[in-house]
Amino acid sequence: MVRGLVLVVCVLLLAGCGGGAKHGCKNPREAKALAQLNADLAAIKKAAAIPVKDSLKGGPEINRATDRFLLHVETAPIDNLQRNRLIDHAAAYLLGSCTQCFQALEAERPIVGIAHGDLGCTTTAAYAGPRHRNARALPVRRHAPAA
């Protein structure tokens with residue numbers, strides 16, 4: 001009877017996690033970082049609604065909100081797929097309001113890391129800090145050119 005009860009409890013605990021961090025079993029630091037990033041996205045959306053004289057440079061509100069978002073998205077303990085999706089949302093809000101802000105967001109996408117399998121997963125407890133796009137150099141081939 002006790003063994004069956006322990007088995008049921010274990011199954012319920014494992015089912016609650018869904019097998020990974022994507023289904024609600026986030027560490028507290030990741031949840032806090034995502035809340036901050038969502039607040040930054042709301043600030044970008046609000047700032048983008050303010051009319052600007054120069055859509056190339058945007059206004060000071062847009063610039064501050066974008067800078068804050070870029071800092072937080074770079075230092076957040078989230079994986080590269082989440083980082084890329086959040087940048088998608090921010091870029092959508094900035095479209096037409098600040099061309100340089102939009103380009104800065106595009107430049108920060110972790111596409112190369114994702115393409116080479118570096119998802120930047122933060123499921124380990126030993127998170128060392130933000131993942132930089134060029135933290136791991138790609139292998140260089142030193143073959144002689146074909147004649």
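Reader: Against which helices do the buried residues of helix 4 pack?

Author: Helices are DSSP runs of H or I with at least four residues, numbered from the N terminus, and contact means heavy atoms within 4.5 Å. Here the buried residues of helix 4 pack against helix 2 (28-48), helix 3 (60-75), helix 5 (99-107) and helix 6 (111-115). This is a predicted model, in which local features need pLDDT of at least 70 and side-chain atom pairs count only at pLDDT 80 or more, whereas totals for chains, interfaces and linings use all residues. Residues are numbered from 1 along each chain as its sequence is written, and side-chain values use heavy atoms, with hydrogens and water left out.

Reader: Which residues of helix 4 are buried?

Author: Buried means under 20% relative accessible area, exposed over 50%, and partly exposed in between, with a 1.4 Å probe and protein chains only. In helix 4 the buried residues are Asn-80, Gln-82, Arg-83, Asn-84, Leu-86, Ile-87, Ala-90, Ala-91 and Leu-94. An α-helix has 3.6 residues a turn, so residues three or four places apart point the same way.

Reader: Why does Ile-87 count as buried?

Author: Ile-87 counts as buried because its relative accessible area is 0%. This residue of helix 4 touches Phe-69, Val-73, Leu-105, Glu-108, Arg-109 and Pro-110, if residues up to four places away in sequence are not counted. Ile-87 and Pro-110 stand 23 residues apart in sequence, and their C-alpha atoms are 9.7 Å apart in space.

Reader: How is a buried charge such as that of Arg-83 to be read, and which side chain of opposite charge is nearest?

Author: Lys and Arg count as positive and Asp and Glu as negative, while His and the chain ends are not counted. A salt bridge is a side-chain nitrogen of Lys or Arg within 4 Å of a carboxyl oxygen of Asp or Glu. Arg-83 is buried without a salt bridge, and the nearest side chain of opposite charge is that of Glu-74, 5.2 Å away.

Reader: Which backbone oxygens lie by the side chain of Arg-83?

Author: One looks for polar contacts: pairs of N or O atoms within 3.5 Å, where within protein one must be able to donate a hydrogen and the other to accept it, and residues adjacent in sequence count only if both atoms are side-chain atoms. The backbone oxygen of Val-73 lies 2.8 Å from a polar atom of the Arg-83 side chain, and the backbone oxygen of Ala-76 also lies 2.8 Å from a polar atom of that side chain.

Reader: What is found at the N-terminal end of helix 4, and what just after the helix?

Author: Asp-79 caps the N-terminal end, with a side-chain oxygen 3.3 Å from the backbone nitrogen of Leu-81. Just after helix 4, Gly-96 takes a positive phi of about 90°.

Reader: Which cysteines form a disulfide?

Author: A disulfide is a pair of cysteine sulfur atoms within 2.5 Å. Cys-98 and Cys-101 form one, with their sulfur atoms 2.3 Å apart. Their link is right-handed, with 65° about the S-S bond, and both cysteines are buried.

Reader: How many helices and strands does the chain have?

Author: The chain has six helices and zero strands. Of its 147 residues, 29% count as buried.

Note on methods
Helix = DSSP H or I, 4+ residues; strand = E, 2+ residues; numbered from the N terminus.
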